[in-house]
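Try each task before you read its solution.

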Amino acid sequence: MIYHHLMINNPENEWQQTWTTSCHGRLREQKRLLDHLKPHITDQELWQKSGEHLNSIGHLLQHIIGNMNQYILQTLGADVPARSRHQEFEDHLNVHSDELFAIAKSTIDQCLDQIAQVDGQTWLKIHEIQIFQMTTMEAVMHSIEHNAYHIGQIALLVKQKKGINLKFYPGV
């Protein structure tokens, strides 16, 4: 409720610009992390699972893409295919690492473009997504948080498989 109060008392452009800039910053960082992870993942490793009930890096990337399509792009009115969540966890062995990472980064770029066009009232609009009711702002926040969670899982899988320090932040 504090945030709602702040949004009402601030000029619309100020909070909207701050929110848009924040979303863009987080999405660009996620794109940078994907760029950093990509060279460490071969086509063969993309679909490898560490156990029967675990996901591969390919599944996680497909899931991130599906989530952004539904929670950000569809919510903001982009014309994207309907999400088929169960297919995100199927192997697509003919899809290569370069291609899947490129699709993920392209989806982030589409999200950046759509977010840049949103006006203040659209952020407050209520949507039904899956079984949840939420504002546009919450849907975008959910997807950004969701991406971060799964990109962290991908990083952990790479570290475990390769036994390397990924050095996301050199010099820190």
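**Exercise 1.** Are H4 and H7 roughly parallel or roughly antiparallel to each other?

Before the solution, some ground rules: this is a predicted model, where local features need pLDDT of at least 70, side-chain atom pairs count only at pLDDT 80 or more, and totals for chains, interfaces and linings use all residues. Residues are numbered from 1 along each chain as its sequence is written, and side-chain values use heavy atoms, with hydrogens and water left out.

*Solution.* 
- Step 1: find helix H4 at residues 57–74 and helix H7 at residues 136–162; helices are DSSP runs of H or I with at least four residues, strands are E runs of at least two, and both are numbered from the N terminus.
- Step 2: their axes come within 9 Å and cross at roughly 170°. Axes here are lines fitted to C-alpha atoms over the stretch in contact, with angles from 0 to 180 degrees between N-to-C directions.
- Step 3: angles over 145 degrees count as roughly antiparallel, so H4 and H7 are roughly antiparallel to each other.

**Exercise 2.** Which residues have the most contacts inside the largest nonpolar core?

*Solution.* 
- Step 1: such a core is a set of buried Ala, Val, Leu, Ile, Met, Phe, Trp, Tyr and Cys residues joined through side-chain atoms within 4.5 Å. Buried means under 20% relative accessible area (1.4 Å probe, protein chains only).
- Step 2: the core has 41 residues, and the ones with the most contacts inside it are Leu 37, Ile 41, Ile 57, Leu 61, Ile 115, Trp 123 and Ile 154.
- Step 3: H2 (12–37), H4, H5 (97–116) and H7 each supply at least two residues of this core.

**Exercise 3.** Is His 24 buried or exposed?

*Solution.* 
- Step 1: look in helix H2, where His 24 lies.
- Step 2: its relative accessible area is 11%, so His 24 is buried.
- Step 3: leaving out residues up to four places away in sequence, His 24 touches Leu 112, Ile 115 and Ala 116 (contact means heavy atoms within 4.5 Å).

Methods:
Parallel < 35°, antiparallel > 145°, perpendicular 65-115°, else oblique. Buried < 20%, exposed > 50% of the residue type's maximum accessible area, 1.4 Å probe, protein only.
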